[in-house]
Amino acid sequence: MGALAPPAAFAGTRPDSVQQGLNALVRSDGLPAALASVQDHPGRSRTYTAGVGDLATGAKVPVDGQVRIGSNTKTFTAVVVLQLVGEGKIGLDTSIDTYLPGLVRGEEIDGRNITVRQLLQHTSGLPNYTEKSDLQLRHYEPRELVDIALRYKADFEPGKRWAYSNTNYVLAGLIIEKVTRRTVAEEMDRRIIKPIGLRHTYFPASGDSTLREPHPHGYERESAGAPLRDITDMDPSWAWTAGQVISTNSDLNRFFSALLGGRLLPRAQLAQMRTTVPAAPLGSGAEYGLGLVSRPLSCRAGLYWGHGGSIPGYETRGGATDDGRAVNVAVTIQPNDKATMGRVEDVVDTALCR
């Protein structure tokens, strides 16, 4: 438990508010471990840990350890799609049936009436397959996931509402592979991961159930009061381009900073990504763009941009501001109540506001 020794720029006599927040998540909320990386405006950074990395052995939490980043993957997927838009290979307002002819058909569902923009924005009306089926932690092909969703009636007419659906991003991944004739893993690696130097980030290969580098173990509790179960190793294919990527807090800071700084997208596509619609289910004041979420800050009349991710064993929250600050926080269990989740998000707000 504890943090790295602070560089001189961060040294001070008061207890660090970020470390205090992580300690409270472990001590008061009962989370096994919490990790954070804070990037200051000039690019200075500090990394924090609290709790235990492996409950079976009592091992420490690895500093800036790898975690499953869940739905932060959606931002990576959206960046690849928008790069292809900039290259003239995909049209944002083109129907998805253009790229996946005949694939998306169901009760009140027709891919000819759903656009690529509506997938990335979660305004397609497509049912969320993760809410419609009791998925097993086994290997799934992407089209199996789509087929699960298509067993159900559309949630609403395309473009009429906002509702979060992992199905949207599985379809976005299929479009990437259809257009590029390469795997999503290859496209993310050559378009995002290598160009901006994400040394600890990757899209797991089929059947890869482990984390490659030092990492805290992830846990889940099957019911209230049940013992914690180690769920670190699992096949994440059920999440695919909606949630499969593995990374670190520091790499996520680098990613969101590079994105907002215009290093990953042309100006026109970044502006489209940052054009938002209200997304109240994600929290007070949250708005959703194209794979990017804006959230208000408590300390100034501003906001930060990120996404967040939930996947068995891990929860991540964070993002970056336009002035160059970035924070990401990870905990090693999915909080099962809104109050705990709110305290995780409070650590992000505290770090960005101090």
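Two residues are in contact when heavy atoms of theirs lie within 4.5 Å of each other. Among contacts in this protein between residues at least 6 apart in sequence, 66% join residues at least 24 apart. The structure is a predicted model, where local features need pLDDT of at least 70, side-chain atom pairs count only at pLDDT 80 or more, and totals for chains, interfaces and linings use all residues. Residues are numbered from 1 along each chain as its sequence is written, and side-chain values use heavy atoms, with hydrogens and water left out.

First, the overall picture. The protein has 11 helices and 16 strands; these are DSSP runs numbered from the N terminus, with helices being H or I of at least four residues and strands being E of at least two. The C-alpha trace spans about 60 × 45 × 35 Å along its principal axes. A compact globule of 354 residues would have a radius of gyration near 20 Å, and the protein agrees, with 20 Å. That radius is taken over C-alpha atoms, and the globule rule is 2.2 Å times the number of residues to the power 0.38. Of the 354 residues, 56% count as buried. Here buried means under 20% relative accessible area, exposed means over 50%, and partly exposed is in between (1.4 Å probe, protein chains only).

Next comes the inside. A nonpolar core is a set of buried Ala, Val, Leu, Ile, Met, Phe, Trp, Tyr and Cys residues joined through side-chain atoms within 4.5 Å. The largest one here has 81 residues, and those with the most contacts inside it are Val104, Leu120, Leu171, Ile192, Phe255 and Met273. Helix α2 (residues 73–86) gives this core its largest share, 8 residues. Ile192 touches Phe76, Val79, Val80, Glu187, Leu198, Phe255 and Leu264, leaving aside residues up to four places away in sequence.

Helix α1 (residues 17–27) has a buried set made up of Val18, Gln19, Gly21, Leu22, Leu25 and Val26. Seen down the axis of α1, the buried residues fall within an arc of 160°, so they line one face of the helix. The arc is that of the directions from the helix axis to the C-beta atoms. At the N-terminal end, α1 is capped by Asp16, with a side-chain oxygen 2.8 Å from the backbone nitrogen of Val18. Such a polar contact is a pair of N or O atoms within 3.5 Å; within protein, one must be able to donate a hydrogen and the other to accept it, and residues adjacent in sequence count only if both atoms are side-chain atoms.

Now for some strands, which pair if DSSP finds at least two bridges between them. Strand β11 (residues 287–288) pairs with β12 in the antiparallel sense over 2 bridges, and Tyr288 stands opposite Val293 in β12. The hairpin of β11 and β12 has 4 residues between the strands, and Gly291 there takes a positive phi near 75°. Strand β12 (residues 293–296) runs antiparallel to strand β13 (residues 303–306), joined by 4 bridges. Ser294 has Trp305 in β13 as its bridge partner. In turn, β13 pairs with strand β15 (residues 314–320) over 2 bridges, again in the antiparallel sense, with Gly306 opposite Gly319 in β15.

Asn168 sits in helix α6 (residues 166–180) and, at 0% relative accessibility, counts as buried. The side chains of Asn168 and Ser124 are joined by a polar contact of 2.5 Å. Not counting residues up to four places away in sequence, Asn168 touches Leu119, His122, Ser124, Leu126 and Ala163.

Pro62 is found in the loop between β3 (45–51) and β4 (67–68), and its 19% relative accessibility makes it count as buried. Pro62 and Pro216 are 154 residues apart along the chain, yet their C-alpha atoms are separated by 6.3 Å. Pro216 is also among the residues that Pro62 touches, along with Leu35, Thr49, Pro214 and His215, when residues up to four places away in sequence are not counted.

Glu87, in the loop between α2 and β5 (105–106), counts as partly exposed at 39% relative accessibility. A polar contact of 2.8 Å joins the side chains of Glu87 and Arg191. Glu87 and Pro266 are 179 residues apart in sequence and 9.8 Å apart in space, C-alpha to C-alpha.
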